[in-house]
Amino acid sequence: MQTTSTTETIPQVVARLRQSRMTGKLASAAARKEQLRRLVAFSRDCETAIIDALHADLGRPAFEAFASEVVFLRSEAEYAISRLDRWMRARRVSTPLFTWPSAGYVIPEPLGVALVIGPWNYPLQLVLAPLVGALAAGCSAVVKPSELAPATSALLASRLREYLDPDLVVVVPGAVEETQALLAERFDLIFFTGGETVGRIVMEAAARHLTPVVLELGGKSPCLVDASADLDAAARRIVWGKTYNAGQTCVAPDYVLACRPIVEPLLDKLKGAIAAFFGPDPRQSTDFGRIVNQRHHRRLVRLLEGGGTVVAGGKHLEAERYFEPTILLDPPPGSPVLDEEIFGPILPVITVENIAEAVTRVNAGPRPLALYLFAQDRATERFVVGNTSSGGVAVNHTILHLTAPELPFGGVGASGFGAYHGYASFQAFSHMKSVLRKPTWFDPAFFYPPYTKDKVRAARRFL
Ligand code: NAD
């Protein structure tokens with residue numbers, strides 16, 4: 001059996017978390033807020049260490065590491081702290097007339113002990129933002145960061161316990177073996193972020209214990225560019241979304257479907273945006289990250305070589321895990337770059353006749369995690385939003401929708417199920433318990449046997 005950072009075995013860790021849960025350590029809002037404040041303190045005190053770890057793992061520019069991991073975590077935690085009292089309150093609901101007199105209410109209770117499994121691309125944010133939801137909801141949690149981001153994983157394992165109560169949160173670093181050992185245990189919720197293949201493994205393991213799961217998966221997020229789009233803004237925002245973290249973002253625009261009349265000007269502006277962001281040689285830019293490892297680098301080279309006209313970029317250097325921002329025009333049907341999630345800075349641009357054709361193409365594939373539309377025309381916006389299904393939509397931008405805490409973030413169909421961020425995180429880790437209270441002073445014989453003919457007649461009339 002693998003050991004954890006606390007030298008306990010995994011079953012012991014889970015048993016201890018379950019035990020501490022029974023003692024009601026996180027019963028009060030004050031106790032939950034205290035843990036969340038400590039998480040904020042971790043993000044402040046360890047800011048430099050976090051940025052350094054992300055640079056070691058992903059060559060992540062300091063600005064991106066700060067914005068998308070440190071600030072994101074902090075604002076999720078602060079948002080939860082500011083709203084927790086309201087979220088924890090029982091909510092009164094109306095009850096049907098035949099139960100009169102009665103009162104109904106819904107009271108959130110913690111699901112229990114959660115397992116949070118994360119991927120490597122935002123290795124801190126994607127385990128600690130769900131943890132905010134777990135702590136806000138009153139759950140204890142095992143956090144399993146990705147082994148493919150070893151510096152961040154080591155940082156979490158060594159530093160987080162200085163801040164959070166070790167009876168409530170334990171970080172278990174490790175790879176497949178450790179995750180499998182964790183999945184053999186019974187949890188009350190498994191919150192998984194990663195790919196579809198492992199998502200299935202997680203769900204199978206969860207089924208053995210009838211444990212509910214939230215699956216935050218990936219896929220190919222399309223980006224539709226209408227003839228009415230502001231092309232300067234579209235190009236800037238598409239390139240930003242595609243090159244942020246070197247394209248290794250679950251909601252990166254995977255490919256562009258561009259209406260024929262604007263394809264040429266769009267390509268020019270996309271090339272212009274790449275040059276404006278990273279200069280003539282993005283390899284020299286400190287604002288452009290690296291591919292996580294050589295295996296993924298080789299995967300991207302294979303996608304590049306699978307077809308399509310290279311209209312920008314195309315250079316790569318495995319030793320440096322460098323992959324230039326690359327635009328591919330009209331890869332032939334069946335090319336791997338059109339079938340697989342790209343997860344890197346390659347942007348296929350596919351020509352379509354009109355937005356209706358773009359919608360048909362999107363609807364022919366699995367339902368994506370995000371869909372992007374660039375259009376100034378509101379009727380086009382209504383048409384696309386109303387006729388496609390995706391986890392979320394951003395109109396005239398990319399990625400940004402996931403930063404709004406009031407917008408639940410999650411997939412649909414093959415991109416996963418369940419959602420989080422803001423109140424949705426609290427809900428994800430809570431059981432919404434229904435309670436109906438009835439006084440005893442009114443108890444008509446009408447509802448009890450024997451069910452006489454008169455009662456049946458009255459029931460037909462009044463119920
Ligand atoms: P992954 O599925 O390979 O790994 C995720 C986690 O599962 C890791 O912690 C890993 O240790 C564990 N794991 C790997 N193999 C396992 C196995 N056989 N049994 C048990 N556990 C195992 O995902 P990844 O490569 O780290 O991340 C990339 C994927 O994640 C992409 O598809 C991306 O779109 C998706 N993603 C989704 C979101 C989202 O919010 N929806 C966010 C980021 C990434």
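# Group meeting: notes on a predicted model

Asn 245 is buried, at 1% relative accessibility. I start there because the cut-off for buried is under 20%. Before going on: this is a predicted model.

Asn 245 sits in the loop between helix H9, residues 231-243, and strand E9, residues 253-259. Its phi is near 55°, a positive value in a residue that is not glycine. Ala 246 belongs to the loop between H9 and E9 too. Phi of Ala 246 is likewise near 55°, positive in a non-glycine residue. Ala 246 is buried, with a relative accessible area of 0%. For context, most residues other than glycine have a negative phi, and most peptide bonds are trans.

Going from Trp 100 to Pro 101, the bond is cis, with omega near -5°. Pro 101 is placed in the loop between strand E1, 91-93, and strand E2, 103-110. A cis bond also joins Pro 449 and Pro 450, where omega is about 0°. Pro 450 is in the loop between E20 and H16.

Staying with that loop, Tyr 448 lies between strand E20, 430-437, and helix H16, 453-462. Tyr 448 is partly exposed, at 41% relative accessible area. Which residues make the nonpolar surface patch? They are Phe 98, Phe 447, Tyr 448, Phe 462 and Leu 463, and the patch covers about 590 Å².

Next, H16 itself. Asp 454 and Arg 457 are both in this helix, three residues apart, about one turn. Their side chains meet in a salt bridge, 3.1 Å from N to O. Arg 457 is exposed, with a relative accessible area of 53%.

How many salt bridges does the structure hold? There are 24. In general, side chains of opposite charge can pair when their charged atoms come close. I will take two more of these pairs.

Arg 16 forms a salt bridge with Asp 167, and the closest N and O atoms are 3.1 Å apart. Arg 16 is in helix H1, residues 10-22, while Asp 167 is in the loop between helix H6, 150-159, and strand E5, 169-171, so the pair ties together parts that are 151 residues apart in sequence. Asp 167 counts as partly exposed, at 26% relative accessibility.

The other pair is Glu 78 with Arg 44, whose closest N and O atoms are 3.3 Å apart. This one links distant parts of the chain, with Glu 78 in helix H4, residues 62-88, and Arg 44 in helix H2, residues 29-45, 34 residues apart. Both ends count as partly exposed: Glu 78 at 35% relative accessibility, and Arg 44 at 45%.

H2 also takes part in a helix pair. Two packed helices are described by the angle between their axes and the distance between the axes. For H2 and helix H5, residues 125-137, the axes come within 8 Å and cross at roughly 160°. Is that parallel or antiparallel? The angle makes H2 roughly antiparallel to H5, because over 145 degrees counts as roughly antiparallel. The crossing of H2 past H5 is right-handed.

Last, a residue in H4. Met 88 is found in that helix, and counts as partly exposed at 22% relative accessibility. Met 88 and Val 127 are 39 residues apart along the chain, and their C-alpha atoms are separated by 23 Å.

Definitions and conventions
Residues numbered from 1 in each chain as written. Predicted model: local features only at pLDDT ≥ 70, side-chain atom pairs only at ≥ 80, totals over all residues. Heavy atoms only, no water. Patch = residues over 30% accessible without salt bridge, like charges linked within 9 Å, V, L, I, M, F, W, Y side chains within 5 Å. Areas by Shrake-Rupley, 256 points an atom, 1.4 Å probe, with all protein chains shown as cover. Salt bridge = Lys/Arg side-chain N within 4 Å of Asp/Glu carboxyl O. Helix = DSSP H or I, 4+ residues; strand = E, 2+ residues; numbered from the N terminus. Buried < 20%, exposed > 50% of the residue type's maximum accessible area, 1.4 Å probe, protein only. Axes fitted to C-alpha atoms, helices over the stretch in contact; angles between N-to-C directions. Parallel < 35°, antiparallel > 145°, perpendicular 65-115°, else oblique. Left-handed = near helix turned anticlockwise from the far one by under 90°.
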